[in-house]
Amino acid sequence: MEKSERRPIPLAVSLAGLRLIGAGAVLGLALAIPAAPSQADPPRPPATSQDQPDVAPEG
């Protein structure tokens, strides 16, 4: 079985490829993050009397 010849990849080309992959990852995260908080927050229950500020009793 013959070994396939590997051509060396220039450093500039590999760095450009890594930058492109990194830019895609950042773009994907930027698009995914704004949608997350609206789905992650549970609905809040309506305010009850416990949520009101305490008033000192007169007397």
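How far apart are the end C-alpha atoms of helix 1, and what span should its 22 residues have? The tour of this predicted model returns to that point after a view of the whole chain.

Begin by selecting the entire chain. Its secondary structure consists of two helices and zero strands. Of its 59 residues, 0% are buried. Display the accessible surface next: the chain exposes about 6,400 Å², and 63% of that area is supplied by carbon and sulfur atoms.

Now select residues 11-32, which form helix 1. At 1.5 Å a residue, the 22 residues of this helix should span 32 Å, and the end C-alpha atoms lie 31 Å apart, so the two values agree. Colour the helix by burial: the number of buried residues among its 22 is zero, and helix 1 therefore lies largely in the open.

Next, select Leu11, Leu15, Leu18 and Ile21 and show their side chains. Together these residues make a nonpolar surface patch of about 430 Å².

Finally, centre the view on Leu15, one of the residues of that patch, which is placed in helix 1. Is Leu15 buried or partly exposed? Leu15 counts as partly exposed because its relative accessibility is 38%, and the range for that class runs between 20% and 50%.

Terms used: Residues are numbered from 1 along each chain as its sequence is written. This is a predicted model: local features need pLDDT of at least 70, side-chain atom pairs count only at pLDDT 80 or more; totals for chains, interfaces and linings use all residues. Side-chain values use heavy atoms; hydrogens and water are left out. Helices (H or I, at least four residues) and strands (E, at least two) are DSSP runs, numbered from the N terminus. Buried means under 20% relative accessible area, exposed over 50%, partly exposed in between (1.4 Å probe, protein chains only). Accessible areas come from the Shrake-Rupley method with a 1.4 Å probe; for residues, only the protein chains shown count as cover. Patches are made of residues with over 30% relative accessible area and no salt bridge: like charges are joined within 9 Å, nonpolar side chains (Val, Leu, Ile, Met, Phe, Trp, Tyr) within 5 Å. A salt bridge is a side-chain nitrogen of Lys or Arg within 4 Å of a carboxyl oxygen of Asp or Glu. The expected span of a helix is 1.5 Å times one less than its number of residues.
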